[in-house]
Amino acid sequence: MQPSVNEIWQWLEGVPDPEIPVVSVVDLGIVRSVAWNGDRLDVGLTPTYSGCPATSVISRDVETALRDRGIEKLAVETKLSPPWTTDWISDKGRAKLLDYGIAPPDPVTRGPKACPYCKSDNVHLISQFGSTPCKAQWRCGSCLEPFDYFKCL
Amino acid sequence: MSGDLKFQFLCRMGDNALVLGHRLSEWCGHAPMLEEDIATANTALDLIGQATNWLTLAADVEGAGRKADDLAMLRDAWDFRNVLLVEQPNGDFGQTITRQMLFDQWHLLMLQALETSTFEPVAEIAAKSVKEVTYHAERSSDLAIRLGDGTQESRGKMQAALDLLYPYCGEMLKSDEVDAALADAGIAPRLEKLAPDYHAAIGDVLDAATLTAPTHGFIQTGGKSGRMHSEHLGHMLCVMQNLQRSYPGAQW
């Protein structure tokens, strides 16, 4: 019997992002579609940044996770459009990022609301570019710790 | 619209991103401060990702069985279609930032216009790239202002870089028969139409940076048509393509 699409979404929630393993590829909004096409499962993925080196790893991890669950006929396709946006990161994903020490994207202020460590709002931009394409470097003026901010895209 | 004209255009977009991406990667581990090293490498990564998208589409349109990697690694200098500006050497950090600012401001306007291309795959790549390039343009313009309106030494280096590189900007705004055909088909904007916004954007940055663009009006062309690349491109490709040329088909 075919597993339901809902069940498959739940399986994919267990596939971590290779760069930020506390969040899943579903939390990040990288998995765009899951659908049965007859006896073949079609999964649509989208890259975060054009040059993100994690893209091919994610595609492989998704395929491995589904094959491990017994899916035999599988088509994993990467689509550019509509382009990925940080607005697609789930509320659960945002909470996990914050817990991990990465301030989640804020489309209103376009900067972190507060330091993820001491919660002070006395924060300053160091650079719009950080340890991965999706992050910027900020510093807290109160506890003086540098921290990552998941920048809006 | 012949497939060859589309192919030429897609190679122009892809080669601009690829060549500038490679140039920026030459700074990796050598930039003047850690934050700028990271920012430069990230910009390189975005551009090489964009180049992959453009050249994949170019190879599809060509339909000759070549792949994006074949176009990147196995063409010679005369088959590259990038503008001359992006192949110019890094020079000092001021020269790299000046080249970047002059290109990013054009790149941003070009991609914004391409978002409404009548050729859907072009619109899709543009919509993806424009978000990344917005960050590139913000950084290079901000740094150009800080270094221009900086110390006597940094200002001198920025003005020298501008004098050297400004003549290469004209090629990005001057249509040839490929650009004209693409504009007629609604696939790409008419380049001359980007000029007012480009000059306004550059003018704002240069004013704030206390720098003065040369007024002689001379422009250097020949990159995007492949007629005459500068000597620098061949040297760059020797390094970039070395592995695939020495060990054809090598993978890791």
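Reply: A salt bridge is a side-chain nitrogen of Lys or Arg within 4 Å of a carboxyl oxygen of Asp or Glu. This is a predicted model, where local features need pLDDT of at least 70, side-chain atom pairs count only at pLDDT 80 or more, and totals for chains, interfaces and linings use all residues. Residues are numbered from 1 along each chain as its sequence is written, chains are lettered from A and ligands numbered from 1 in written order, and side-chain values use heavy atoms, without hydrogens or water.

Me: How many salt bridges does the rule find across the interface of chain B and chain A?

Reply: Take the contacts first (heavy atoms within 4.5 Å). Here 20 residues of chain B touch 23 residues of chain A. Yet the number of salt bridges found across this interface is zero.

Me: Which three residues supply 38% of the area that chain B buries against chain A?

Reply: Buried area is the accessible area (1.4 Å probe) that two parts lose on being put together, summed over both. Between chain B and chain A about 1900 Å² is buried, and carbon and sulfur atoms give 61% of that. On the side of chain B, the 38% share, more than any other three residues supply, comes from B:Lys128, B:Lys131 and B:Tyr135.

Me: Is the pair of B:Trp27 and B:Phe93 stacked, tilted or edge-to-face?

Reply: Rings of Phe, Tyr and Trp (its six-membered ring) pair if their centres lie within 6.5 Å; planes under 30 degrees apart are stacked, over 60 edge-to-face, the rest tilted. Four aromatic pairs are counted over all chains. In A:Trp84 and A:Phe150 the centres are 6.3 Å apart and the planes stand at 55 degrees, so that pair is tilted. For B:Trp27 and B:Phe93 the centres are 5.3 Å apart and the planes stand at 85 degrees, so the pair is edge-to-face.

Me: Which backbone oxygen does the side chain of B:Thr40 reach?

Reply: B:Thr40 sits in helix 2 (residues 34-62) of chain B; helices are DSSP runs (H or I, at least four residues), strands likewise (E, at least two), numbered from the N terminus. B:Thr40 is buried, at 2% relative accessible area (buried is under 20%, exposed over 50%, partly exposed in between; 1.4 Å probe, protein chains only). Beyond four places in sequence, its contacts include B:Trp27 and B:Phe93. At 2.6 Å, its side chain reaches the backbone oxygen of B:Glu36.

Terms used:
A polar contact is a pair of N or O atoms within 3.5 Å; within protein, one must be able to donate a hydrogen and the other to accept it, and residues adjacent in sequence count only if both atoms are side-chain atoms.
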